Amino acid sequence: MVNLEIMEYVERDILPRYNSFGPSHDIRHAQVVIRDSLVLARQLGVDEDMAYVVAAYHDLGLSGPRAVHHITGGKILAADARLKRWFSPEQRRIMKEAIEDHRASASHAPRSIYGRIVAEADRQLEPEQVLRRTVLFGVEHYPGLDKERHWERFANHLQNKYSETGYIRLWIANSPNEERLRRLRALIADKDSLRKAFDNIYDNLNL
C-alpha cells in the first residue's frame, strides 16, 4: 500500500498540474501511469511509494519545453522539499534519475528498476489508446494542419516510434506491453486499417 500521506499530497498538489498539459497528457494519463507502475512495482517487489511518486511526477516537466521535459521533471522532483519527509537523499536521487530516463526516445536503458517501471508504464501501448493520443497530440500542437496533413504526421510518427524499425524499447521482460506492441505493429503495417482508425478518431473529435 502507498503511504496515505504521500498519496494525499500528490493528489492535492501534484496531479492537478497535469490539467494544463492538454488532453494527450492530462491527469488521466498520469493516473494510468501510476496504476500501471504500481502493478509492476508489486510484481517486482520494489518500493511502491517510490514507484508511485516517480509516476506522479514523470511528466511535470511539460510545464516547460517538451524536448527536455524529462530533465525538467527530474529537477521538479529534486526541488520538492516536501518529499524529504518521506524519502532519503539516495531515494530522491534514484527517483530523479528515473524521471530523467523515462522518455521512449532515450538512447540508453534506465539506470534503475524505477526508471524501467515508469518507462514501461508510460508506454501505454493499447493500440486504440496509442492512436487516439497520437491524434490528440497532433491537434493540440499543430492546429494549423488540415486533416490530410494530420494523417501524414500521425502515420509518420507511428512508423518512426512504434514500428518494427521504430525507436521505442521495452525494458521489462514479459510485460503486458510485449503483446500490445505486437498488435500495434500489425495495425501500423496495415495502412488501410490504420487510415480507417485515424478517420474514425479524427472525425469524432470535438474540434
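The side chain of Lys 161 makes a polar contact with that of Tyr 162 at 3.4 Å; a polar contact is a pair of N or O atoms within 3.5 Å, one able to donate a hydrogen and the other to accept it, and residues adjacent in sequence count only if both atoms are side-chain atoms. The model is predicted: local features need pLDDT of at least 70 and side-chain atom pairs pLDDT 80 or more, whereas totals for chains, interfaces and linings use all residues. Residues are numbered from 1 along each chain, and side-chain values use heavy atoms, without hydrogens or water.

Lys 161 is buried but has no salt bridge. Buried means under 20% relative accessible area (1.4 Å probe, protein chains only), and a salt bridge is a side-chain nitrogen of Lys or Arg within 4 Å of a carboxyl oxygen of Asp or Glu. Contact denotes heavy atoms within 4.5 Å; the contacts of Lys 161 listed below leave aside neighbours within four places in sequence.

| Feature of Lys 161 | Partner and value |
|---|---|
| Polar contact, side chain to side chain | Tyr 162, 3.4 Å |
| Contacts | Ala 104, Gly 166, Tyr 167, Ile 168 |

Lys 161 belongs to helix α8, residues 147-162; helices are DSSP runs (H or I) of at least four residues, numbered from the N terminus. At 1.5 Å a residue, the 16 residues of α8 should span 22 Å, and the end C-alpha atoms are 22 Å apart, which agrees; the expected span is 1.5 Å times one less than the number of residues. Among the buried residues of α8 are Trp 151, Phe 154, Leu 158 and Lys 161. The buried residues of α8 pack against α7 (127-141), α9 (177-189) and α10 (191-203).

Notes. Helix = DSSP H or I, 4+ residues; strand = E, 2+ residues; numbered from the N terminus. Buried < 20%, exposed > 50% of the residue type's maximum accessible area, 1.4 Å probe, protein only. Lys, Arg positive; Asp, Glu negative; His and termini not counted.
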